[in-house]
Amino acid sequence: MEKESRKIVGNPALLLVDPQKGIYKAPGGYAEGEVEASVAALGRVLKAAREAGMPVIFFQEIHRKEMVDYGRELDGTENIHCLEGSEYIDIIDSLQPVDGEFTNMKRRYSCFFGTDLDILLRGLNVQTLIMGGYYTDVCVHYTAVDAHQHDYYIRVLHDGCLGSSNEAHQASLNAMTYLQHASRTNSDEMVPVIEAWGQARKASV
C-alpha cells in the first residue's frame, strides 16, 4: 500500500500538548533560546491554524496539590511537577488559547488517557492530528501512540517539540515515524499545508 504524504487527510485539528511554562525548567538542560525556538515554531503553526479556521485543542498536565494522582509517574527520573497552583502549569504567554478553542487537562502523559479527547475529536469529525509540545519522549510520544491506535493520522512538528534530552527527543521522533512515516514534519512544511487546507475549506463554503 502506498504511504500517505505529509498532507492533511480529511479534517484536521491542531493539538498542543502541555505548552506550559514548566518547559523553561526542562530536565534536558535546554538553553532558553532552544525553548524559544520551539515555542516560535508552535506559534507559527497556531497562527496558520487560526487563520485557516482549524480546530485548536490545548492540553495541560496538572496534578492535585495533595499529590494523590501521580500513580507510578514518580517512579522514574521525574520529580514532583505540574502541581495545581504552581506558575509552571500555566500555558506559555505567546500560546494562550483564544475564545472558541478547546482546553483540557490530564493527570497522565497521554492526552487520551482518562480524558474526553476522542469524544471531542469525533464530535469535530477530525481525522488528522497536527501535534507539538512537551516533552517529545513523554507526553507527545504517548499521545501520538494513542492517536495512532485510535486510527488518527498524526503529523508531529519536530521543531515544535523538545525532549527530556536531545537523545530522547530524537529517539521518540524516530519511534513515531516508525508508526506513521508521514508523521515526520515541521512548522515550515506544515504552515503552507494548513494554509492550502484553509483556502480549500473557504472555497467550499
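Is Ile130 buried or exposed, and at what relative accessibility? The points below take this up along with the rest of the chain.

1. Basis. The structure is a predicted model. The comments that follow should be read with that in mind.

2. Overall make-up. The protein chain holds five helices and six strands. Read from the N terminus, these elements run β-α-β-β-α-β-α-β-α-β-α. The radius of gyration is 16 Å, close to the 17 Å that the globule rule gives for 205 residues, so the protein chain is as compact as a globular protein of that length. Taken along the principal axes, the box filled by the C-alpha atoms is roughly 50 × 35 × 35 Å.

3. Burial and surface. Of the 205 residues in the protein chain, 47% are buried. The accessible surface is about 10,200 Å², and carbon and sulfur atoms account for 51% of that area. Among contacts with a separation of 6 or more, 80% are between residues 24 or more positions apart.

4. Ile130. The opening question is settled by the accessibility: Ile130 counts as buried because its relative accessibility is 0%, and the cut-off for buried is under 20%. The residue sits in strand 4, which covers residues 128-134. Setting aside neighbours within four places in sequence, Ile130 is in contact with Ile8, Pro12, Ala13, Leu14, Leu15, Val45, Met54, Arg155, Leu157, Met190 and Ile194.

5. Nonpolar core. The largest nonpolar core has 53 residues, and those touching the most other members are Leu14, Leu121, Ile130 and Ile194. Helix 1 (residues 32-52) gives the most to this core, namely eight residues. Leu14 is one of the residues that Ile130 contacts. Not counting residues up to four places away in sequence, Leu14 itself touches Val45, Leu46, Ala49, Met54, Pro55, Val56, Ile57 and Ile130.

6. Helix 3, geometry. Helix 3 has 14 residues. From its first C-alpha to its last, helix 3 reaches 18 Å, close to the 20 Å expected at 1.5 Å a residue. Just after helix 3, Asp151 takes a positive phi of about 75°.

7. Helix 3 is largely enclosed by the rest of the structure, because ten of its 14 residues are buried. The buried residues are Thr136, Asp137, Val138, Cys139, Val140, His141, Thr143, Ala144, Asp146 and Ala147. They pack against strand 1 (12-17), strand 2 (56-61), strand 3, strand 4, strand 5 (153-162) and helix 4 (166-179). Strand 4, one of these partners, is also the strand in which Ile130 is found.

8. Aromatic pairs. The count of aromatic pairs comes to two. One of them joins Tyr109 and Tyr142 in a stacked arrangement, 5.6 Å centre to centre with 25° between the planes. This pair links distant parts of the chain: Tyr109 lies in the loop between strand 3 (102-106) and helix 2 (117-123), while Tyr142 lies in helix 3 (residues 136-149), 33 residues apart. Tyr109 counts as partly exposed at 22% relative accessibility. Tyr142 is also partly exposed, with a relative accessible area of 44%.

Definitions and conventions:
Residues are numbered from 1 along each chain as its sequence is written. This is a predicted model: local features need pLDDT of at least 70, side-chain atom pairs count only at pLDDT 80 or more; totals for chains, interfaces and linings use all residues. Side-chain values use heavy atoms; hydrogens and water are left out. Helices (H or I, at least four residues) and strands (E, at least two) are DSSP runs, numbered from the N terminus. Buried means under 20% relative accessible area, exposed over 50%, partly exposed in between (1.4 Å probe, protein chains only). Contact means heavy atoms within 4.5 Å. Rings of Phe, Tyr and Trp (its six-membered ring) pair if their centres lie within 6.5 Å; planes under 30 degrees apart count as stacked, over 60 as edge-to-face and the rest as tilted. A nonpolar core is a set of buried Ala, Val, Leu, Ile, Met, Phe, Trp, Tyr and Cys residues joined through side-chain atoms within 4.5 Å. The radius of gyration is taken over C-alpha atoms; the globule rule is 2.2 Å times the number of residues to the power 0.38. Accessible areas come from the Shrake-Rupley method with a 1.4 Å probe; for residues, only the protein chains shown count as cover. The expected span of a helix is 1.5 Å times one less than its number of residues.
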